[in-house]
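Thanks for asking me to look this one over. My notes follow as numbered points, with the cut-offs given where each term comes up.

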Amino acid sequence: MTRRGSSLTAWLFLAPYLLLFGAFVLLPILLGLWISLHNWDFTLPGKPFVGLDNYKALFDSGSVSFDPFWKSMQATGIFTLFTVPLLIVVPLAVALVMNEKFRGRNIFRAVYFAPYVLGVAVVGVMWRFLLDRNIGAVNSYLGAIGLPDDTAWLSSVPAAWVALVGVTVWWTLGFNAVIYLAGLQDIPLELYEAARVDGASRWSAFWHITLPSLRPVTMFVTLITIIASANMFGQSFIMTNGAPAQDTRTAIFYIAETGLQNFQMGEAAAASWILTVALMLLSAIVFALFRLRGTMEDA
Amino acid sequence: MNGSPLIRPTRSGLSRRGFLTVTAGGLLLAGCGGGKGVGGGTQSGVGNFTGKEYDGPALTLAYWNGFTGGDGPAMQALVKKFVSEHDNIDIENNTVEWADFYQRLPAAAQAGKGPDVGAMHLDQLATNAARNVIVPLDDLAEALGLEESDFTSPVWAPGIYQGKRYGIPLDVHTIAMYYNKEHFSKAGIDAPPTDAASLEDACKKLQSSGVENPFWMPNQWPAHLMFLSLLWQFGGEPYAEDGSAATYDDDAGVQALGWMREQVDKGYSPDNVDIDAQYTAFKNGQNSITWDGIWQINDLDASGIDYGIATLPVIGSSLAAWANSHHFFMTAQAADDTNRANAGKTFIGWMSDQSASWSDAGMIPARNSAREEPQFTDSTQYAIKDQIEALHFLPPVPGLGDVQPQTLEVAVNEGILGKKSPEDALSGAASNATELMGKNLEKFGG
């Protein structure tokens, strides 16, 4: 009876969240799977079942959706490849400085965290003005100090990638830095004292104490950064509008356009599933790598 | 249980036109014929409007539109005037950017949360008719005395989808050439250029007078509108009338896109003009000529720049320009309720009569007769009146508005950025567009 009671209690405690999770996460995911098997335009009465045709079209190099979709997946890949390492390393460096004791530390912390409180629309529109090829402030200042002033930050690649990655790092590094900071403050000071007594340099203390202690935090930061980067949409939607051509149109951008603008919900849902599976695989690999590294260190 | 929005009012036994003839003949009272007229409830509202003012109980109509630019305040003023003249109809005005408008409208209508009446572009009517978002308004058109002879046929014809009229025209809008008068006089140009040669000559003069890049060539909005205008000028057609194929990759298209890129190659335009930069630069006096919509007139007036407006130069073989038109529509949702339907028609009818005052928004009145009224003949845009006879509209093909941004607009972008030759850019886009259009025919035709 006690066992029964306690498991009921557990479910009762979980119920409010499970309800929300079920209604707003699980159900839409399953509905998405169902939609992806249809030629689904919600404004039309007929939504014919097409089986795996939507998936086949996305994998068939002769179909009209193949190029746009895989180009958008590639765009997402490029963006993720460059933002993730930067968003792991730079915030760590910033967090190390934040963790030091110096005058104006709070201002320093606020300065780095501040951009994160801005919405993507604010960030996007602001940088779109600043980075304009012909009338933007960035090129104007670059020219003033004798650097090339004709970089098309928003309508040529790879410059557009530099702009998108740079803006995203500037915008979100504060968030990762705060997580690192919390992790840093959890490392027992005794470890550093012991290291100092043993004559370890600052560098080797960082290498042998700070980094290993931060491993769980780093793994968390890596995973959420990968997911956030792979879901990039707003920056390219607002700053480049996918230009040049559709080179900076990311997977989510493609899905939103296909599903919500062109009303091809079936194909958009299929594309979402492919992206989801790709992300799950990537997360599993990252997870495994951190585990492997952990066991190697423990051994 | 008041009927699903999917019921097509047009399938009812008694045709509305027939019914209307009866009512218009004075045999029936329009105001009270409502509920019992045709089948009761779901669709009767659409069937018996005679142009008589709505006199039922007070109600509020939801009115959606996308007049967010220089045309916004003019529309607000009209709505206010309408409300003050009608005690029993209040208008809840909801202005959404056009880009979002066509996403939200079908979704909201589907959920039963859409507007009763609204304004949309001519080239979207067919799509929304096919999606059952909007209902036919033949009776209203007839009651208002709208006649084909009072409109240029390009505005009249595309409002009809599968034999029924879905939109009541408000205006016509097109793109024009704006020029900086100060720059022109400094460079010694006395008249706006009228063809390719005089435009090039003007650009050269402007350059030697100190404007480094006088004519910036956008590669995003409104680049595709410029391209379409030029395509028609060179004698091309973008799409087959029946919506089965994209045809802009022919010689005319290549010449049009080639000419646009040439402006960059010759240095009249800088490379990589970012979104809206050509327009912002024009307002700042950093360039001298820009092609843009006539709906920008109010905005340019407010900017204080000394500008002129002129007909597009003839770059191809004859004058032609892209055009579109705002049309009023009524939703299936409103058509379900007799009172709302009649109130909605009263509103649309009244608005349609204000066509001339709508000139304040920078637009061209749709009715030929309204274009003779002083509100238009005294307006800034009257300067491009010659262009009105040379306007071209996209054909009424359902789903075309979804196809164009992912095909033609991309090709124009690639061509002007010099990423691809005009031939390659256009032929790739056109064959994709043709395939997508085939799918649409299947989707909407069935």
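1. Asn132(B) sits in the loop between α5 (122-130) and α6 (138-143) of chain B; helices here are DSSP runs of H or I with at least four residues, strands are runs of E with at least two, and both are numbered from the N terminus. The phi of Asn132(B) is positive, about 65°, although the residue is not a glycine. Most residues other than glycine have a negative phi, and most peptide bonds are trans. Is Asn132(B) buried or exposed? It counts as buried, with 21 C-beta neighbours inside 10 Å. (Buried means 20 or more other C-beta atoms within 10 Å of the residue's own, exposed means 12 or fewer, and partly exposed is in between, with C-beta atoms placed from the backbone.)

2. A word on the basis of all this: the model is predicted, local features need pLDDT of at least 70, side-chain atom pairs count only at pLDDT 80 or more, and totals for chains, interfaces and linings use all residues. Residues are numbered from 1 along each chain as its sequence is written, while chains are lettered from A and ligands numbered from 1 in the order in which they are written.

3. On confidence, chain B has an average pLDDT (the predictor's confidence in each residue, from 0 to 100) of 86, and 88% of its residues score at least 70. Within chain B, the lowest confidence is in helix α2 (residues 30-33), with a mean of 32, and the highest is in helix α10 (residues 223-233), at 98. Please look at residues 1-47 of chain B with care: the pLDDT there is below 50, and the stretch has 82 contacts in the model beyond near neighbours in sequence. (Two residues are in contact if their C-beta atoms, placed from the backbone, lie within 7 Å.) For the complex, the predictor gives an ipTM of 0.85 and a pTM of 0.86.

4. Chain B as a whole has 19 helices and 13 strands. Of its 446 residues, 56% count as buried. Among the contacts in chain B with a separation of 6 or more, 79% are between residues 24 or more positions apart.

5. Two packed helices are described by the angle between their axes and the distance between the axes. The axes of α10(B) and α11(B) come within 8 Å and cross at roughly 130°; axes are lines fitted to C-alpha atoms, for helices over the stretch in contact, and angles run from 0 to 180 degrees between N-to-C directions. That angle makes α10(B) oblique to α11(B). (Under 35 degrees is roughly parallel, over 145 roughly antiparallel, 65 to 115 roughly perpendicular, and the rest oblique.) The crossing is right-handed, the near helix being turned clockwise from the far one by less than a right angle, with anticlockwise giving left-handed.

6. Which residues of α10(B) and α11(B) make the contact? From α10(B) they are Met226(B), Phe227(B), Leu230(B) and Leu231(B), and from α11(B) they are Ala252(B), Gly253(B), Ala256(B), Leu257(B), Trp259(B) and Met260(B). By class, this contact has nine nonpolar, one polar and no charged residues. (Ala, Val, Leu, Ile, Met, Phe, Trp, Tyr, Cys and Pro count as nonpolar, Asp, Glu, Lys and Arg as charged, and the others, Gly among them, as polar.)

7. Leu257(B), Met260(B), Arg261(B) and Val264(B) of α11(B) touch Val412(B), Gly415(B) and Ile416(B) of α18(B).

8. Two cis peptide bonds deserve a look. One joins Trp221(B) and Pro222(B), with omega about -5°, and Pro222(B) lies in the loop between α9 (196-208) and α10 of chain B. Another joins Ala243(A) and Pro244(A), again with omega about -5°; Pro244(A) is in the loop between α11 (234-240) and α12 (251-261) of chain A.

9. Finally, the interface: 25 residues of chain A are in contact with 30 residues of chain B. On the chain A side, they divide into 13 nonpolar, nine polar and three charged.
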